[in-house]
Amino acid sequence: MSKRVGIFVSGGGSNMRALVSDMVGDHPARAAVVVSNNENAGGIAWAREQGIATEVIDHRPFDEDRARFEDTITAALVPYDLDIICLAGFMRVLTAGFVAPWQGRMLNIHPSLLPKYKGLNTHARALAAGDSEHGCTVHLVTPALDDGPILGQARIPVNPGDIAETLAARVLVQEHRLYPAVLRRFASGETAPLTL
Ligand code: GRF
């Protein structure tokens, strides 16, 4: 039976689209729901067009009460009976209370070669450090931010004249290759790191 995947997005959702588009044919998983904290996330409209269920839970009414925000997400997920969660540009930090029950079943994509550059502004930080290569990482989510066992990485060279935006654009192309490839393997039980 296909694994049921929930994909969490906050923005354009290009990684979510890459994942959904790959989950066809003999793929061992299917997208069951797309979840967002932002009704205006581009990814939500696209998912609805595809006929995929969506759940929007705005974090703002919860103020800083992350536990209550997360409990609301947890309750909304129950009917979907998910096997795997893929964070794909979900811009809310999830606390241990949410992460712990999903540990080993929740993936994230991060635009750096972890363990380098956890957090934000990864492209500018790679440039500032004078790195000759950069890339992206898919990892299992643990309560620590952008931590957890690495499931795959894709590398690109940093070119002379690169600025954060050019680097981000080239890394994003790799994200769209890496995340579907890792999810496909993960859903069939393969966790050895993939290098692209
Ligand atoms: C990606 O760069 C992802 O690595 C980061 O946020 C961005 C999301 O882009 N976590 P998109 O919404 O998938 O287009």
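These are my notebook entries on a predicted model, written as I looked things up.

**Entry 1: the sheet**

I started with the strands. I found an open sheet of eight strands, in the order E3-E2-E1-E4-E5-E6-E7-E8, and its pairing is mixed. I then looked for the edges: they are E3 and E8 (194–195), each of which pairs on one side only. A reminder to myself: strands of a sheet pair through backbone hydrogen bonds, either parallel or antiparallel.

**Entry 2: the E3 end**

Next I followed E2 (residues 29–36) to its neighbour E3 (residues 53–56). The two pair in the parallel sense over four bridges. To get from E2 to E3, the chain crosses through helix H2 (residues 42–49), and this β-α-β crossover is right-handed. I noted two facing positions: Val-34 stands opposite Thr-54 in E3, and Val-35 has Glu-55 as its bridge partner in E3. As for H2, I looked up where that helix sits.

Val-34 stands opposite Thr-54 in E3, and H2 packs on the sheet there, touching E2 and E3. The direction of H2 makes about 150° with that of E3.

**Entry 3: strand E5**

How many of the five residues of strand E5 are buried? I checked E5 (residues 106–110) and the count is five of the five, so the strand is largely enclosed by the rest of the structure. Both faces are covered: on one side I list Met-106, Asn-108 and His-110, on the other Leu-107 and Ile-109, all buried.

Then I looked at the partners of E5. With E4 (residues 84–87) the pairing is parallel, over three bridges, and Ile-85 stands opposite Met-106. With E6 (residues 133–140) the pairing is antiparallel, over four bridges, and here Asn-108 stands opposite His-139. I also noted a right-handed β-α-β unit made by E4, helix H4 (residues 96–102) and E5.

**Entry 4: Asn-15**

I looked up what Asn-15 touches, leaving out residues up to four places away in sequence: Ala-88, Ile-109, Leu-172, Glu-175, His-176 and Tyr-179. One of these, Ile-109, I had already met as a buried residue of E5.

**Entry 5: helix H6**

I checked the length of H6 (residues 164–187). At 1.5 Å a residue, its 24 residues should span 34 Å, and the end C-alpha atoms are 33 Å apart, which agrees. Buried residues in H6 include Leu-167, Val-171, Glu-175, Leu-178, Tyr-179, Val-182 and Phe-186. I kept in mind that an α-helix has 3.6 residues a turn, so residues three or four places apart point the same way. After H6 comes Gly-189, with a positive phi near 95°.

**Entry 6: aromatic rings**

Last, I counted three aromatic pairs. Phe-8 and Phe-98 form a tilted pair, 6.2 Å centre to centre with 50° between the planes. This pair links distant parts of the chain, since Phe-8 lies in strand E1 (residues 3–9) and Phe-98 in helix H4, 90 residues apart. Phe-8 is buried at 0% relative accessible area, and Phe-98 counts as buried at 2%. Phe-62 and Phe-69 form a tilted pair too, at 5.7 Å centre to centre and 55° between the planes; both are buried.

Key: Residues are numbered from 1 along each chain as its sequence is written. This is a predicted model: local features need pLDDT of at least 70, side-chain atom pairs count only at pLDDT 80 or more; totals for chains, interfaces and linings use all residues. Side-chain values use heavy atoms; hydrogens and water are left out. Contact means heavy atoms within 4.5 Å. Buried means under 20% relative accessible area, exposed over 50%, partly exposed in between (1.4 Å probe, protein chains only). Two strands pair if DSSP finds at least two bridges between them. A crossover is right-handed if, with the strands pointing away from the viewer, the path from the first strand over the helix to the second runs clockwise. The expected span of a helix is 1.5 Å times one less than its number of residues. Axes are lines fitted to C-alpha atoms, for helices over the stretch in contact, and angles run from 0 to 180 degrees between N-to-C directions. Rings of Phe, Tyr and Trp (its six-membered ring) pair if their centres lie within 6.5 Å; planes under 30 degrees apart count as stacked, over 60 as edge-to-face and the rest as tilted.
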